Amino acid sequence: MKLVNFSIGGKARAGLSVDGVLYDIDQVLASLREVKLFSKPRLLEGFERPVSVASLVAAGDQGIEALRCLEQHIRWVRDAGDPSVLRNARVDGADARWLPPIEAPELFYGIGGNSPLFFRDKGFQIPAYPRGFQRPASNHSLIGHNGRVNIPPTYSTMRASAELGVVIGKPGKSIPAAKAMDHVFGYTLVNDMCSDSWKVIALDGKDERLMHEDITVFTARASTSYYSRATDTFAAVGPWIVTKDEVPDPYNLMVYNYLSGVLRERSYTQAMVNGIEQTIAYLSRIFTLKPGMIIHMGTMGIDGYTIEPDMFLGPDDYFEIEYEKVGKLRCYVNDQRPKG
């Protein structure tokens, strides 16, 4: 199932995408009064109205089962019942604004250096544990599907990376790796964007290859990961959360990075150095994982693709990332860099 967070008229709504059509969950429930059955289906009982994406995720496996029943009902009404019953539940994508599936996750954590290709020819040791960074998760930091990322005028370059977001659905502390997937609700996509302009400022002419010999270089280099990713709009998330039952093997997915429809990079999730289970087990030893937290698993390719200083983007240009079985996430660009 594909769980969507969207807004119409400024009000956030929970939706379900079924066979490419978006349905407003509350409107589907309201339409039950028109269903001509002696025994009406009992859908999403126990959930507060209006239904929210956060409440469905917090319900964990119960939320997944509730969505499965809702999806089956929508297909039955559409194919074997009276499709007009769903007339007010169908949402025209042109009228809706796609929001990040979780608008303000309590934790939005990114794994860095999680592909062997990242370390090729660098002479760095591949880490045996997931290392990463917590990044801002406000409505300024995150954008949804079809949102617009702003490249500030002070940045000369930027990178866009296709990453798999793991959405936590069940709380836990010190979770064994063998039980880690029980705590996953589903998956979303994260376009992890950053700027190497911060690297130039932080290193001040020093060779970053000295970072493992000189702690001052290491500290300066590490700070660039946070500052560049903390830039407003530099994390696109969505378009939805795909429940974990739809992706039985997250390590067998093709990954694609596009710039305005042109394929710039292709990779494969089998390249993950630290897997989802190990990452959940490791992080949960440090802090309690809670429903709605998002962990994005790092770039599966070299390190995303770079927009160079002389590559100026227009208002119709867009970044698009794709994970097989999960979907495509697009964001348009507002390039504020001075030309010439």
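**Cavity, rings and a helix**

Modeller: The lining of the largest cavity divides into four nonpolar, four polar and two charged residues. Here Ala, Val, Leu, Ile, Met, Phe, Trp, Tyr, Cys and Pro count as nonpolar, Asp, Glu, Lys and Arg as charged, and the others, Gly among them, as polar. Bear in mind that this is a predicted model, where local features need pLDDT of at least 70, side-chain atom pairs count only at pLDDT 80 or more, and totals for chains, interfaces and linings use all residues. Residues are numbered from 1 along each chain as its sequence is written, and side-chain values use heavy atoms, with hydrogens and water left out.

Colleague: What makes a space a cavity, and which residues line the largest cavity?
Modeller: A cavity is a set of points on a 1 Å grid over the protein atoms alone where a 1.4 Å probe fits but cannot get out; lining residues have an atom within 4 Å of a point. The largest cavity holds about 40 Å³ of space, and its lining is Ala-162, Val-255, Tyr-256, Asn-257, Glu-265, Arg-266, Ser-267, Thr-299, Met-300 and Gly-301. Strands E13 (254-259) and E14 (262-268) each supply at least two of the lining residues.

Colleague: Why is the pair of Tyr-155 and Phe-234 called edge-to-face?
Modeller: Rings of Phe, Tyr and Trp (its six-membered ring) pair if their centres lie within 6.5 Å; planes under 30 degrees apart count as stacked, over 60 as edge-to-face and the rest as tilted. The centres of Tyr-155 and Phe-234 are 6.0 Å apart and the planes are at 75°, so the pair is edge-to-face.

Colleague: Are those two buried or exposed?
Modeller: Buried means under 20% relative accessible area, exposed over 50%, partly exposed in between (1.4 Å probe, protein chains only). Tyr-155 has 9%, so Tyr-155 is buried; Phe-234, at 0%, counts as buried too.

Colleague: What makes Arg-330 sit over the face of Tyr-318?
Modeller: The rule wants NZ of Lys or CZ of Arg within 6 Å of the ring centre and within 35 degrees of the ring normal. Arg-330 lies over the face of Tyr-318 at 3.8 Å from the ring centre, and Lys-2 lies over the face of Trp-240 at 5.6 Å.

Colleague: How do you know that the span of helix H3 agrees with its length?
Modeller: The expected span is 1.5 Å times one less than the number of residues. For the 19 residues of H3 (residues 61-79) that comes to 27 Å, and the end C-alpha atoms are 27 Å apart, so the span agrees.

Terms used
Helices (H or I, at least four residues) and strands (E, at least two) are DSSP runs, numbered from the N terminus. On a 1 Å grid over the protein atoms alone, a cavity is a set of points where a 1.4 Å probe fits but cannot get out, and a pocket is an open set with protein on both sides within 12 Å along at least five of seven lines; lining residues have an atom within 4 Å of a point. Grid points are joined across faces, edges and corners, and a volume is the space filled by probe spheres set on the points.
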